[in-house]
Amino acid sequence: MPNTGIRIKPWNRIDAQVYTLATSADGKGNFNLCTYVTPISMKPKRFIVGVYKGTRTLTNLEKNPVGVLQYMAADQWEHVKLLGKKSGNNVDKISALGADVEHIVGGLYKLKGILALVHLRFLERLDAGDHWAWVAHAESYENLREAESLTFSELKRRKLILV
């Protein structure tokens, strides 16, 4: 392969929305940071959501295949260390977020200040290496506020992720 001097991996060149996925099982809610999310179908509206193996989110989805995909705002970047760098297997993220979360339904929570949310029903999954690629059906959605999106580029700029 020719060396062009470009150091970044091709899949990290595209700026993308950063999400948090709320899940719940056995009466316990959790949040997980998601950057591997792609709308895949218009009718019916479906997404592919990458869920890291060994996470509380994966355990929750195996027991209760519903979740709330939440579009994070740029001013929510400080939540990334908790949502993406701590494991729900070791940390109660709902308690740690305190007043920044709001219960919505059935053990599911939303992060206050998000831009929008999509209620998902997870249908099936494909082993994709260190993640499971879940196909999820959009049951409903809600736009909540206008603001700048938290993006992959912002995570890189703040050195919250390495690429």
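## Buried aromatic rings

A residue counts as buried when its relative accessible area is under 20%. In this predicted model, both phenylalanine 122 and tryptophan 134 are buried. Tyrosine 19 is buried as well, with a relative accessible area of 6%.

## Two aromatic pairs

The model holds two aromatic pairs. In one, the ring centres of tyrosine 19 and tyrosine 71 are 4.8 Å apart and the planes stand at 70°, so the pair is edge-to-face. Tyrosine 19 belongs to strand β1 (residues 19–25) and tyrosine 71 to strand β5 (residues 66–71), so their pairing ties together parts 52 residues apart in sequence.

Phenylalanine 122 and tryptophan 134 also pair edge-to-face, at 5.7 Å centre to centre with 90° between the planes. Here strand β8 (residues 116–127) carries phenylalanine 122 and strand β9 (residues 131–143) carries tryptophan 134, so this pair links parts that are twelve residues apart in sequence.

## Lysines over rings

Two lysines are worth a look too. Lysine 45 lies over the face of phenylalanine 47, at 6.0 Å from the ring centre, and lysine 53 lies over the face of tryptophan 132, at 5.0 Å from the ring centre.

## Nonpolar cores

The largest nonpolar core has 19 residues, and those with the most contacts inside it are Phe31, Met72, Leu83, Leu97 and Leu111. At least two core residues come from each of β2 (28–34), α2 (80–85), α3 (93–97) and β7 (108–111). Helix α2 gives the most, with three residues.

Apart from this core lies another, of 17 residues, including Val51, Leu58, Leu69 and Phe122.

Conventions:
Residues are numbered from 1 along each chain as its sequence is written. This is a predicted model: local features need pLDDT of at least 70, side-chain atom pairs count only at pLDDT 80 or more; totals for chains, interfaces and linings use all residues. Side-chain values use heavy atoms; hydrogens and water are left out. Rings of Phe, Tyr and Trp (its six-membered ring) pair if their centres lie within 6.5 Å; planes under 30 degrees apart count as stacked, over 60 as edge-to-face and the rest as tilted. Helices (H or I, at least four residues) and strands (E, at least two) are DSSP runs, numbered from the N terminus. Buried means under 20% relative accessible area, exposed over 50%, partly exposed in between (1.4 Å probe, protein chains only). A charge sits over a ring if NZ of Lys or CZ of Arg is within 6 Å of the ring centre and within 35 degrees of the ring normal. A nonpolar core is a set of buried Ala, Val, Leu, Ile, Met, Phe, Trp, Tyr and Cys residues joined through side-chain atoms within 4.5 Å.
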